[in-house]
Amino acid sequence: MASWLAGLLAVLLAGAAAAGPLDLLYDDDDLGDLAARYERGWKDNFDNVFLPILTPDEASRLAHVDFRMERRVEEAEPFGFMAGGDTVIASAASLLFLEDIAMAYTWLDRKGFSTRSVADYLLMLRYWPTEAGRPPKPGDALCMPADAFDDPEVADRARRAFDTAAVFILLHEYGHVHHRHPGNRAVPPAVSRVNESDADSFAFDLIARAGDMPIGVPILFFTMAHLHENRADYGSDADYRTTLAARTHPISPERVQSLARHMSAWASTYETNSRPEAQLSALSLALEISQFGHLLADPGAQRLAASIGQTARPEDLAPRPAGRFLAEPCGRAIQSGAFSGRLAGEITDGSTPLDVDVVLERSGDRVTGAYSFGAGFGRMEGEVAGNTLAYSWTLGSDHGQGQLILDGSTYRGSWDRSGAETGGGEIVLTSP
């Protein structure tokens, strides 16, 4: 879990994710009877785990909750959860999305791959254009094997992460019922944010009373943060601040720090009652969460997140080695050879060296490819003449030219920006 949080891209929840494409993520065949199964699971969990530990006041306030699990909640995916009066509504599609994310992260982590591709996938979804139709599901985009759940350790870790995240979400909604919160539109945004904090506390405290560690809640907050807009999506900081002031569900530094405080306060309970095989320290997890909270409002990290989301494509998300930014697309073999295959090395921007990954695909003398040094996914294309590739490149709205010369097993070259008065830098690449 520490590696999960240490690799987070710091972005800030500023409002609901764009409706439309994410409502289409799963079709009815994907969902099948999940709504009924999730509903039975939750009611059994609530009746047998949480109802016995409610205080008399809590039990009285929650005695008449009408819980409904819908297949999906249109215009709210993948966070289709809400409460009003004595009614709590949840989306099976939203829970399936969270379950898929938990599984993808766990499988990548346990198999030694970089987990950054999960963040890149979420950021790609954030900017997915409606006209592009249905976006790829997590397992498809992140190349999860069909037998991923056959590994008992992976399956157990993923299920525990998902279960505690799902329980937190639903208890959060029950917290709104317990506190008799009016709908967000009925109160000013500042009041709504306090209500969200109260519902969080209700959920955290009940989970702790049940003796479990909410190891999946950071995954939930991580997912929410990456799927929501930040200051890079606005024309000015003033516009961004105005928008933030109107938000009701912020994944703000304050909200994340509250999570860290809860983890610390209940550390002894978690460590006493959690399963020994979890091998998680509540205090160290709280520290990682706290550090993440400090990063949330960083403008540079927000711009970086936007660059990644706006340039990522599904083929960029294949499992990559730990510490790397790009791998060959899954499901399509690229023949290794001169100016073809996966390369890794160093690129300089002025005098600053950066690790870079490049995937080239050659057809005759024509070469196309992608590259990344962690600030988005660039594209390149060009022609080979002898041992030299002359290419053009783009990274978002930035673009330019360059050349690579194959010298034995090493590629050396340079690049520059169009319209720049000086060259951009140098490149050295080898086959990993």
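Me: Which residues do ring pairs link into a cluster with Trp42?

Reply: Ring pairs join Trp42, Phe46, Phe50, Phe67 and Tyr174 into a cluster. This is a predicted model, in which local features need pLDDT of at least 70 and side-chain atom pairs count only at pLDDT 80 or more, while totals for chains, interfaces and linings use all residues. Residues are numbered from 1 along each chain as its sequence is written, and side-chain values use heavy atoms, with hydrogens and water left out.

Me: How many aromatic pairs are found in the whole structure, and what describes a pair of rings?

Reply: A pair of aromatic rings is described by the distance of the centres and the angle of the planes. Rings of Phe, Tyr and Trp (its six-membered ring) pair if their centres lie within 6.5 Å, and planes under 30 degrees apart count as stacked, over 60 as edge-to-face and the rest as tilted. The whole structure holds 13 such pairs. Among them, Tyr38 and Phe162 have ring centres 6.1 Å apart and planes at 45 degrees, so this pair is tilted. The pair links distant parts of the chain, since Tyr38 lies in helix 3 and Phe162 in helix 8, 124 residues apart; here helices (H or I, at least four residues) and strands (E, at least two) are DSSP runs, numbered from the N terminus.

Me: Are Tyr38 and Phe162 buried or exposed?

Reply: Buried means under 20% relative accessible area, exposed over 50%, and partly exposed in between (1.4 Å probe, protein chains only). Tyr38 and Phe162 are each buried, and both Phe67 and Tyr174 are buried.
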